[in-house]
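This report goes through a sheet and the helices around it. Please have the sequence and the model open while reading.

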Amino acid sequence: MSDIEKKNSSEQKNEITYDWNFLEYPEIAQLNLTKAEFKKHYFTIKEIIEENELCRAIQGQQCINKNNLHTCLKRDDDNKLITSFVVCPKNIKIDKIKNNYILRDFPNELLSIELSTKFFSKILPKNKSILLKNFLILIEKNNFQHGFFIYGDNGIGKTYSCIAFANALALKEKKIAFVFMTELLLKLKNGFNTFNANQELIDNIKKSDVLFLDDFGANHKNFWFYDEYILTILDYRMQNKKPTFFTSNYSLKELQKKLSSNTNDWISVKRIIERVRALVENNEIEIKDKNYRY
């Protein structure tokens, strides 16, 4: 008999206050426990719930247990309850999210971000609150074809909000490309002598189920980058009605001016802006908030 089972048995002889709310937890509810079973395994159940809650409170993929294993209850072939161990539920969830990113420029620590009050204040500026509510609607809708163009100052949570949204979509088996524009430019420059590598990179981006282009316009002085590569991506996604989301420090009107200042090819600039507008169906959202980096 394990230490927990011994504790379960000995404590039953004393007066115990049972928390019957434990039966509502998904990992316990699926066992369809009888009242007698719940009382007999009460301290094991308590440990399971406490482990899971402590683990969820830690941001990132880290588990409270060094071996990444959690206590669990399961039924054997005779339908009897036995104590066992399972891989940390958070790790299973995060691995699933990670595997559905075909391209990702942010670190593993941000894979645990969710659209919940655990990661976002209950009181938010109006437009950010509207944005997050729209994200939740799209998650429930699942099949959608348009994105948003989200702009505002540095450090106000544009990227953070989109990562939380992207993680939720990845959890629902969407194949995601989350691209930092400065990183993409650097990768393409480094791959100038390997055409196939660059072509594969662009193909992965443009064919993803949902695409996030972060800090759009940051490289406006490198107009060739927008004209030769970004326009190709936008054309493909517009023609194939693939949802695309943008974050930027500039409004579309400001962005058009920035791009125009670095080329005489105003027709290409106009085509880029028109395709962005088409992909977001004119859903241009300005976010105003404090700078969270300071």
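Predicted model: local features only at pLDDT ≥ 70, side-chain atom pairs only at ≥ 80, totals over all residues.

In general, strands of a sheet are held in pairs by backbone hydrogen bonds, and the pairing is either parallel or antiparallel.

Five bridges link strand S5 (residues 176–180) with strand S6 (residues 210–214), and the pairing is in the parallel sense. Alanine 177 has leucine 211 in S6 as its bridge partner.

## Strand S7

Is strand S7 (residues 244–248) enclosed or open to the outside? Five of its five residues are buried, so S7 is largely enclosed by the rest of the structure. Thr244, Phe246 and Ser248 point one way from the strand, while Phe245 and Thr247 point the other way. The residues on both faces are buried.

S7 has pairing partners in S6 and S4. S6 runs parallel to S7 and is joined to it by three bridges; here leucine 213 stands opposite phenylalanine 246 of S7. Strand S4 (residues 149–151) also pairs with S7 in the parallel sense, over three bridges. In that pair, tyrosine 151 has serine 248 in S7 as its bridge partner.

## Lysine 206

Lysine 206 lies in helix H9 (residues 195–207). Its relative accessibility is 13%, so lysine 206 counts as buried; the cut-off for buried is under 20%.

Which residues does lysine 206 contact, leaving aside its neighbours within four places in sequence? They are Thr232, Ile233, Tyr236, Arg237 and Lys242.

## Helix H12 against H10

The axes of helix H10 (residues 223–239) and H12 come within 10 Å and cross at roughly 35°. This crossing is left-handed. From H10, the contact takes in Phe223, Tyr226, Asp227, Leu231, Leu234, Asp235, Arg237 and Met238. From H12, it takes in Ser268, Val269, Arg271, Ile272, Arg275, Val276, Ala278 and Leu279. By class, the contact of H10 with H12 has ten nonpolar, one polar and five charged residues.

Arg237 of H10, part of this contact, is also one of the residues in contact with lysine 206.

## Helix H12 against H11

Helix H11 (residues 252–260) packs against helix H12 (residues 266–280) at an angle of about 155°, and the axes are 10 Å apart. That angle makes H11 roughly antiparallel to H12, because angles over 145 degrees count as roughly antiparallel. The crossing of these two helices is right-handed.

On the H11 side, the residues that meet H12 are Leu252, Lys253, Leu255, Gln256, Leu259 and Ser260. On the H12 side they are Val269, Ile272, Ile273, Val276 and Arg277. The contact of H11 with H12 divides into seven nonpolar, two polar and two charged residues.

Val269, Ile272 and Val276 of H12 take part in the contact with H11 and also in the contact with H10.

Notes:
Residues numbered from 1 in each chain as written. Heavy atoms only, no water. Axes fitted to C-alpha atoms, helices over the stretch in contact; angles between N-to-C directions. Helix = DSSP H or I, 4+ residues; strand = E, 2+ residues; numbered from the N terminus. Parallel < 35°, antiparallel > 145°, perpendicular 65-115°, else oblique. Left-handed = near helix turned anticlockwise from the far one by under 90°. Contact = heavy atoms within 4.5 Å. Nonpolar A, V, L, I, M, F, W, Y, C, P; charged D, E, K, R; others polar. Pairing = 2+ DSSP bridges. Buried < 20%, exposed > 50% of the residue type's maximum accessible area, 1.4 Å probe, protein only.
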